[in-house]
Amino acid sequence: GFAVQGLVSWYRIELDELLVVSDDVNLPVGKMRFRQEGSSGGHRGLEHIIYQLGKDEFARLRIGVGGEHMPDDLRGYVLAPFRAEELSIIEEMVERAADAVESYLTSGLEETMNLFN
């Protein structure tokens, strides 16, 4: 949250120009979703960004890292390496995410949501 708020302040970024990319355990590995605004959905990083900015009105790209059997304590899970069988899915998702960010920058959020959600 502090880093995003600092960048927004330093570079005078309007929130409608901001795109936050984050992991999301509520999406399965390989899935991604753009959202225009909204709550943190329980994601502590997004929660802190929203708190620091004082608003939730910024675009975000959520990258799925969820698995079938999620532990109660997610800290170890999200910091652990991906399983070998997930690596090809992750590589493809990273390429799609890069394409999605490029689309966001060139075509805007609405068109990108239509293409990638």
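Arginine 62 and aspartate 24 form a salt bridge, with their closest N and O atoms 2.5 Å apart; the term stands for a side-chain nitrogen of Lys or Arg within 4 Å of a carboxyl oxygen of Asp or Glu. The pair links distant parts of the chain, since arginine 62 lies in strand 3 and aspartate 24 in strand 1, 38 residues apart. Helices (H or I, at least four residues) and strands (E, at least two) are DSSP runs numbered from the N terminus. Both arginine 62 and aspartate 24 are buried, where buried means under 20% relative accessible area, exposed over 50%, and partly exposed in between (1.4 Å probe, protein chains only).

## Basis of the model

This is a predicted model, in which local features need pLDDT of at least 70 and side-chain atom pairs count only at pLDDT 80 or more, while totals for chains, interfaces and linings use all residues. Residues are numbered from 1 along each chain as its sequence is written, and side-chain values use heavy atoms, with hydrogens and water left out.

Three strands form an open sheet in the order 1-3-2, with mixed pairing; two strands pair if DSSP finds at least two bridges between them. Strand 1 (19-28) and strand 2 (32-35) are at the edges with a single partner strand each, so one side of each has no neighbour in the sheet. On average, neighbouring strands are turned by 30° against each other, direction ignored. Axes are lines fitted to C-alpha atoms, for helices over the stretch in contact, and angles run from 0 to 180 degrees between N-to-C directions.

Strand 1 pairs with strand 3 in the parallel sense over seven bridges, and leucine 19 has alanine 59 of strand 3 as its bridge partner. Strand 2 pairs with strand 3 (residues 59-66) in the antiparallel sense over four bridges. Here phenylalanine 34 stands opposite leucine 61, and arginine 33 opposite arginine 62. Helix 5 (residues 109-116) packs on the sheet and touches strand 2 and strand 3, its direction making about 155° with that of strand 2. Contact means heavy atoms within 4.5 Å.

## Burial of strand 3

Eight of the eight residues of strand 3 are buried. In a regular strand the side chains alternate between the two faces of the sheet. Ala59, Leu61, Ile63 and Val65 point one way from strand 3, and Arg60, Arg62, Gly64 and Gly66 the other way.

The structure holds three salt bridges. Arginine 83 meets glutamate 85 in one of them (2.6 Å, N to O) and glutamate 86 in another (3.7 Å, N to O). These salt bridges share partners and join Arg83, Glu85 and Glu86 into one network.

Arginine 83 is partly exposed, with a relative accessible area of 45%. Glutamate 85 is exposed at 53%, whereas glutamate 86 is buried at 9%.

## Valine 78

Valine 78 belongs to helix 3 (residues 74-79) and counts as partly exposed because its relative accessibility is 35%. Leaving aside neighbours within four places in sequence, valine 78 is in contact with Asp23 and Val25. Its C-alpha atom is 13 Å from that of glutamate 68, ten residues apart along the chain.

## Tyrosine 11

Tyrosine 11 sits in the loop between helix 1 (2-10) and strand 1. With a relative accessibility of 56%, tyrosine 11 is exposed.
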